[in-house]
Every structure is written in structure tokens, then in C-alpha cells.
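Visitor: I'd like a close look at one part of this model, with the cut-offs spelled out as we go. Could you stay with that one part and walk me through it?

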Amino acid sequence: MARAAAHLLLLNHPLFAGLDEPTRHALADDLVPFGLPGGRPLFKAGEPADALYLLVSGSLGVFDGPTRLVQQIGAGMSVGETSLLGGDARHRTVRALRDSELLRLDRAAFEALLRRHPDLLLRLARDTVARLQPRVREDDRPGTPRTFALLPAEPSVPARTLAIQLARALEPYGSSLVLDAQQGRGRGAEWFAEREAQVRFVIYLDEGRDDAWRQRCLRQADVLLPAARASEAARPWPDLAHPAVARHRPRHLLLVHPGHQVALGCTARWRGQFSGALMHHHVCRAADMARVARLVSGHGRGLVLAGGGARGLAHLGALRALAEAGHQFDAVGGSSIGAIVGAGVAAGWAIDEWQARCVNAFLRGRLLSDWTLPIVALTRGARATRTLRDTFGALAIEDLPLPFFCVATSLSGAGQCVQRHGPLWRALRASSAIPGVLPPVLHGGEVLVDGALVNNLPTDVMAADGLAHITALDIRAEITLRAAVDEAMTPPLWRLAFQRGRRPGLVSSLVRAGMVSGEAAALERRALAHRLVTPSLDHVGVLDWKDWRRAIEAGYRATVEMLEKERGVSGVERSEE
């Protein structure tokens with residue numbers, strides 16, 4: 001690497017930026033450039049701490065143990081300096097997550113620098129503390145993806161078109177460059193490092209004609225983007241299954257559909273060719289690439305809907321207000337009634353159509369009216385099951401246009417069960433199975449009930465998926481049951497007929513009991529939401545489906561007020577600038 005480039009890196013590094021120019025130039029002469037292939041260790045825990053390293057390009061991972069990734073190091077950052085001060089051995093292992101270019105500063109040169117500039121110790125302490133603090137700007141987060149490898153399953157995949165569309169969709173977040181085999185063939189690591197330094201995003205395009213170039217794409221990428229024609233027969237991707245390639249790098253499968261709708265059943269076939277973590281995205285039209293760009297680059301917008309019985313119909317009003325304000329979402333998740341309403345959003349149904357379906361299902365469908373002997377539950381669950389099957393048909397979760405998950409509770413030992421695959425109706429039926437009211441869903445040896453028991457507002461699940469901004473709609477009505485009588489046992493039926501004290505009903509008691517733990521846990525998860533809507537619903541009972549208009553109106557009003565307040569805050573911030 002040129003001396004001028006090393007000097008520029010030092011100038012922008014928080015540890016060395018305060019040095020005078022002669023010192024920086026002298027320090028640049030002490031830096032030794034070298035390349036580290038993806039998957040190779042820079043150093044291992046227990047090895048002597050003999051140098052610090054500046055990352056010029058690429059990505060490094062800091063590991064606690066063999067596989068637990070605890071920190072990601074991006075270009076322009078350093079690693080290893082703390083060990084030089086804290087002891088003679090490395091505390092953790094650092095490995096290249098992809099091909100990387102580094103500068104090495106040996107211990108002797110570093111210690112000589114500290115003797116001449118003891119104030120560096122204070123800067124080092126501040127830099128270490130800063131790394132532990134949350135980043136404010138999305139683009140400054142360590143590990144934010146910058147390079148992508150677009151890897152078609154076969155030459156018939158329109159890979160170049162997809163790459164160009166992706167580059168255009170990434171422009172709102174920074175400049176983009178597409179590199180193909182013709183441009184990159186025979187180039188050295190320094191050439192690629194220079195290109196990555198010139199722009200925000202680089203898309204390495206493989207068109208399936210050059211094996212050496214494909215391997216280069218695999219090594220250079222922060223994110224792997226296998227692409228396939230959804231209607232074609234699924235085929236294996238052996239190079240993406242290799243541990244050194246797939247480990248700790250996100251994989252996003254792009255499924256290109258010939259029409260404007262997702263072809264049912266294709267997703268499971270293609271996903272079956274991969275093992276381990278994998279996200280998938282349906283590309284039916286050019287506009288879909290904007291959503292893909294946000295999700296793969298760490299700028300996605302997620303929607304999380306809470307459970308709450310009939311009060312959950314407030315979500316429909318909130319969604320209307322959000323749609324009128326132009327807000328769109330890239331992924332959806334929820335629990336119980338929130339999962340059911342969210343599934344319609346993920347399916348792409350218009351709000352008017354979805355509201356009509358919900359009202360018809362919950363009000364006219366009388367889902368909890370098939371009473372039976374309470375051996376398992378108070379109802380047979382036949383009406384609820386039939387309604388969900390009629391509403392969502394043969395849709396699988398993975399075939400929804402938007403990524404979707406719902407939470408159920410496994411009584412078989414697993415606790416929280418996040419459902420992302422399989423028949424949509426069955427997942428929703430499990431997520432909304434109020435214990436004692438609806439029978440549990442028995443599947444795969446597990447007993448599944450309402451997700452509200454363990455996670456009524458699963459913003460944590462959405463955040464773990466890497467969504468940068470989360471809008472959460474929570475149900476914060478006062479759901480405490482009250483009684484107007486004092487008693488420890490229910491009186492005989494003949495006495496009940498003449499007493500006028502208010503007692504909680506059986507169904508209301510079961511529903512409330514199922515929501516206690518979910519309500520408590522939601523207090524912590526609300527803090528994860530960047531936009532939180534909490535409509536006032538004290539006037540709507542948990543099972544008062546007949547009050548659907550009041551619930552929807554409450555959700556709409558609360559969301560409009562929140563958005564107006566949000567715009568007001570933004571306006572004040574702009575005026576202050």
C-alpha cells in the first residue's frame with residue numbers, strides 16, 4: 001500500500017488523528033501492509049500480543065471461543081492495541097470474515113510511540129469506551145455491510161439486471177459500484193481495496209462463466225446474494241455451503257418470479273438446498289429491489305404487532321394511518337391477534353380488504369362459539385381453525401411477499417417458538433391458542449399455545465433479524481380484572497341467580513391469565529421500538545369483538561397523533577440546524 005494511503009488512514013483514525021504531521025508520516029513508514037484471506041485467523045487467544053493492526057479493507061470478526069462472534073471490525077478500525085497494554089497474550093481470537101487488507105504496527109514501534117506521546121494512552125482508553133457505546137447513525141455501525149456478491153444459480157438468471165437494480169436502490173444510502181469478471185480479472189488485492197474505498201457499496205457480480213472470479217466474489221463480500229429463478233428446479237449450491245464461506249456472513253436468497261406474484265411452493269424447494277441461517281426475498285417486479293436493498297444493507301424497516309384479543313383490531317386503524325402517511329415496511333412479525341393482522345400485511349392485502357376479512361372472521365364467524373366439554377379447552381377450536389384455513393388457504397409463511405414471523409409458546413420445553421416456515425394458518429392458529437379457551441396445536445411432537453405467554457411484543461426477534469428501524473403497535477389498555485364481591489369460592493347456582501355482585505367470567509379469567517407474563521415482558525421490549533404506538537383501549541374488552549369500530553378508531557387516532565408529534569420533533573430539529 002502506498003505511503004500516502006497509510007497516512008490518510010492514520011489521519012482518520014481516532015487514536016492517531018491528533019498526532020502532528022511529521023509523527024504520522026514517520027508512523028506510516030513503520031506500518032507493514034499484508035493481505036489476509038477470508039476465514040484465516042489474524043491471531044488466536046493465548047498467542048503473544050506482539051502488534052496492533054489497522055484494517056484497510058475487508059472485515060474482521062472478534063470471537064470468544066471457536067464460533068461466538070462478539071464484535072465485527074470494519075474498514076478504518078484497529079484491533080489488538082488493548083492487548084498490547086493489558087498483558088502479554090491475546091484474550092480473544094480475531095479472524096478475517098472475508099478477504100482483508102491490513103497494516104501491522106509491531107509492539108516495539110507502538111511502545112516507542114507511546115513514550116513520545118503519552119497522551120495516546122488517554123485516547124486509547126476513550127476509543128475503547130466508545131466502542132462499547134451504541135452507535136447513533138446507522139451508517140456508522142461496525143459491521144454494516146458494504147460489499148455484496150451476487151451469485152446466480154445458473155446463467156439464465158438475469159444477474160446483471162439484478163445487480164444494476166440493486167445498485168440503484170442502494171444509492172439513497174451511498175454511492176455504489178458494480179464490478180464484474182471483465183473489470184476484476186487479474187487484479188490484485190490492492191486494486192479491490194482502492195475501489196471499495198472510493199464508494200459506499202460494491203456489488204461483485206458473478207455471471208457463472210469464470211470459476212476464479214466467482215471465488216473472488218465469495219471472498220470479497222460481506223453479504224452473499226445467491227439468486228435463482230423461482231420456477232426452475234432447485235439445485236444445490238456447494239460453494240455456499242462450505243463453512244469457510246458461509247460462516248458469520250449473512251446469506252440472502254433472491255428468488256426471481258416470472259410474473260407479478262409469488263409462485264406457491266417454490267421457496268421451500270430452494271431453501272432446502274441450504275443449511276444454516278438464510279433469509280430469502282421475492283423479486284416479482286423492479287420495485288421489489290428497493291426492499292431488498294434496505295434489508296441486505298442494514299436499513300430495513302420492521303413492523304411488530306402485539307396480542308390483545310379484540311383490542312388487537314386497533315392494529316387495523318393504526319395500519320391505515322401509517323399507510324396514509326406513506327410508511328412502508330420490509331418485514332412483519334407479531335403474536336396472537338397481532339400475528340393474524342400482521343399476516344395480512346405480509347401478504348400484501350389492501351387495508352380495506354383486510355379489515356373486511358377480519359371483521360367478518362372475528363365478529364360474524366363467532367370463533368369461540370363451538371363450546372365443548374372442557375377436557376382440553378372450553379372450545380373445540382374447529383371454528384377458529386376453519387376460519388384461518390379459509391382466509392389464508394395454502395399459503396406458506398415462506399411464500400409471503402414480505403418476510404414474516406409469528407411467536408407461539410411451546411409447552412414441550414422450548415418456551416418461545418418463532419415460526420418462519422410451514423403452513424401460515426397453522427402457525428397463526430398456534431400463536432393465538434389462548435390456553436384453556438382454544439385447544440393447543442399439536443405438531444412435530446410439540447404442544448403449541450398463544451405466543452403472548454412468552455413474548456407479546458416480539459421486537460427483540462425483529463431486532464435480532466437486523467432491522468434498523470422498528471415500528472411497534474402495542475396494546476396498553478388496563479387489562480386488570482376487577483370484582484365487586486369478596487369470596488374465596490363460587491356460591492351455589494341458586495344463590496348466584498339472586499346475587500348482583502360482579503364476577504370475572506371464566507373466559508375472561510383465562511385470557512387475562514395468559515396475558516400476564518406477556519404484558520410484563522413487553523415493558524422491556526417496548527424500548528427496542530423506534531416508533532411505538534400505544535392506543536388507549538380501556539373502553540374495549542378483551543373479547544368484545546362487537547366493539548371493533550371503537551378499537552379501530554382508537555388505533556387510528558393514536559397513530560395520527562404520534563405521527564404528528566414525530567413530524568413536529570423533526571421540524572424543530574431541522575430549524576435548529
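Visitor: In what order do the six strands of the open sheet come, and is the pairing parallel or antiparallel?

Guide: Quick ground rules before the tour. This is a predicted model, where local features need pLDDT of at least 70 and side-chain atom pairs count only at pLDDT 80 or more, while totals for chains, interfaces and linings use all residues. Residues are numbered from 1 along each chain as its sequence is written, and side-chain values use heavy atoms, with hydrogens and water left out.

Now the sheet: its six strands run in the order 8-9-7-10-11-12, the sheet is open, and the pairing is parallel. Strands here are DSSP runs of E with at least two residues, helices are runs of H or I with at least four residues, and both are numbered from the N terminus. Two strands pair if DSSP finds at least two bridges between them. Strand 8 (176–179) and strand 12 (279–283) sit at the edges with a single partner strand each, so one side of each has no neighbour in the sheet. From one strand to the next, the twist averages 20°; the axes behind such angles are lines fitted to C-alpha atoms, for helices over the stretch in contact, and angles run from 0 to 180 degrees between N-to-C directions.

Let's zoom in on strand 7 (residues 147–152). Six of its six residues are buried, so strand 7 is largely enclosed by the rest of the structure. Buried means under 20% relative accessible area, with exposed over 50% and partly exposed in between (1.4 Å probe, protein chains only). In a regular strand, side chains alternate between the two faces of the sheet. Here Thr147, Ala149 and Leu151 point one way, Phe148, Leu150 and Pro152 point the other way, and all are buried.

As for its partners, strand 7 runs parallel to strand 9 (residues 201–205), joined by four bridges, and it pairs with strand 10 (residues 223–229) over five bridges, also in the parallel sense. Alanine 149 is a handy landmark: it stands opposite tyrosine 204 in strand 9 and opposite leucine 224 in strand 10.

Helix 9 (residues 211–220) lies across strands 7, 8, 9 and 10, and runs at about 140° to strand 7. Helix 13 (residues 288–296) lies across strand 7, strand 10, strand 11 (252–256) and strand 12, running at about 160° to strand 12.

Note on methods: Contact = heavy atoms within 4.5 Å.
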